[in-house]
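The following questions and answers examine how labels assigned to a predicted model follow from computed values. Each answer sets a value against the criterion that applies.

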Amino acid sequence: MIVRPASVNRVTLVALALVLTAGVITVLTWVFSDDLLTSWAEGNSGARVILQEGGLDAVRETLTVPAFVPVAITSFVVFSMLVGVLVAFFVEGFTWARLSLAVIAVFGVFLAVLCVASGIPTLFVVMAVLMIVLCLLLLFFLFHKDTSRYFRES
């Protein structure tokens with residue numbers, strides 16, 4: 001029987017931290033939906049004029065605004081299920097699950113950088129930076145020498 005190294009267990013913990021952070025971001029999206037809508041309107045030339053003249057209610061009445069909350073909830077559910085399944089296979093030594101988690105981590109860094117660059121509210125910038133750190137930490141443990149040895153011996 002092969003003993004799982006600490007790095008494999010840490011992948012599980014970091015993946016759990018990613019899911020929890022995504023859950024917090026989902027709740028924050030609901031709580032601060034007006035701030036997100038304002039940020040979106042300020043970055044959209046047509047909506048910016050309406051926002052300046054009539055406020056946020058005028059933007060909602062005049063334009064079809066992005067549905068941040070339903071998208072965030074759906075994304076969170078899909079992300080959580082996908083990570084859960086991949087971690088289960090990863091722990092059992094399936095190389096494809098390791099590579100899939102790595103792709104998710106790289107994509108997560110890319111998305112978080114795009115979010116920061118888009119001019120989102122400060123609280124969401126902080127959460128995006130946290131996601132970047134967690135994704136990089138996940139990559140570190142996924143390709144740690146002990147993890148690699150575990151996959152060779154599995």
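Q: Why is Ser39 called buried?
A: The relative accessibility of Ser39 is 16%. Buried means under 20%, so Ser39 counts as buried. This residue is found in helix H2.

Q: What makes Gly119, Ile120 and Pro121 contacts of Ser39?
A: Contact means heavy atoms within 4.5 Å. Leaving aside neighbours within four places in sequence, Ser39 is in contact with Gly119, Ile120 and Pro121.

Q: Why is the pair of Phe90 and Phe151 called tilted?
A: By the rule that ring centres lie within 6.5 Å, the count comes to seven aromatic pairs. For Phe90 and Phe151, the ring centres are 5.2 Å apart and the planes stand at 40 degrees. Planes under 30 degrees apart count as stacked and those over 60 as edge-to-face, with the rest tilted; an angle of 40 degrees therefore makes this pair tilted.

Q: Why is the pair of Phe90 and Phe151 said to tie together parts that are apart in sequence?
A: Phe90 lies in helix H4 (residues 68–91), whereas Phe151 lies in helix H7 (residues 145–153). The pair therefore ties together parts that are 61 residues apart in sequence.

Q: How do you know whether Phe90 and Phe151 are buried or exposed?
A: Phe90 has a relative accessible area of 0%, and Phe151 has a relative accessibility of 9%. The limit for buried is under 20%, so Phe90 is buried and Phe151 counts as buried.

Q: What makes the pair of Tyr150 and Phe151 edge-to-face?
A: The planes of Tyr150 and Phe151 are at 90 degrees, with 5.7 Å from centre to centre. Because edge-to-face applies over 60 degrees and pairing applies within 6.5 Å, the two rings form an edge-to-face aromatic pair. Both Tyr150 and Phe151 are buried.

Q: How do you know that the charged end of Arg98 sits over the ring of Phe151?
A: The charged end of Arg98 is 4.9 Å from the centre of the Phe151 ring. The distance criterion is within 6 Å, and the direction must also be within 35 degrees of the ring normal. Arg98 is assigned as sitting over the ring of Phe151.

Q: Why does Ala97 count as buried?
A: Ala97 has a relative accessibility of 0%. Since buried means under 20%, Ala97 counts as buried. Ala97 lies in helix H5 and touches Leu86, Phe89 and Phe90, apart from residues up to four places away in sequence. Its C-alpha is 8.7 Å from that of Val85, which is twelve residues away in sequence.

Q: Why does Met131 count as buried?
A: The relative accessibility of Met131 is 14%; with buried set at under 20%, Met131 therefore counts as buried. Met131 is found in helix H6 (residues 122–142). Not counting residues up to four places away in sequence, Met131 touches Leu18, Thr21, Ala22 and Ile25.

Q: What makes up the lining of the largest pocket?
A: The largest pocket holds about 1100 Å³ of space. Of the 30 residues that line this pocket, the closest to its centre are Ile25, Ala72, Ser75, Leu111 and Cys115. Two or more lining residues come from each of helix H1 (6–31), helix H2 (33–43), H4, helix H5 (95–117) and H6. The lining divides into 23 nonpolar, seven polar and no charged residues.

How values were computed:
Residues are numbered from 1 along each chain as its sequence is written. This is a predicted model: local features need pLDDT of at least 70, side-chain atom pairs count only at pLDDT 80 or more; totals for chains, interfaces and linings use all residues. Side-chain values use heavy atoms; hydrogens and water are left out. Rings of Phe, Tyr and Trp (its six-membered ring) pair if their centres lie within 6.5 Å; planes under 30 degrees apart count as stacked, over 60 as edge-to-face and the rest as tilted. Helices (H or I, at least four residues) and strands (E, at least two) are DSSP runs, numbered from the N terminus. Buried means under 20% relative accessible area, exposed over 50%, partly exposed in between (1.4 Å probe, protein chains only). On a 1 Å grid over the protein atoms alone, a cavity is a set of points where a 1.4 Å probe fits but cannot get out, and a pocket is an open set with protein on both sides within 12 Å along at least five of seven lines; lining residues have an atom within 4 Å of a point. Grid points are joined across faces, edges and corners, and a volume is the space filled by probe spheres set on the points. Ala, Val, Leu, Ile, Met, Phe, Trp, Tyr, Cys and Pro count as nonpolar, Asp, Glu, Lys and Arg as charged, and the others, Gly among them, as polar.
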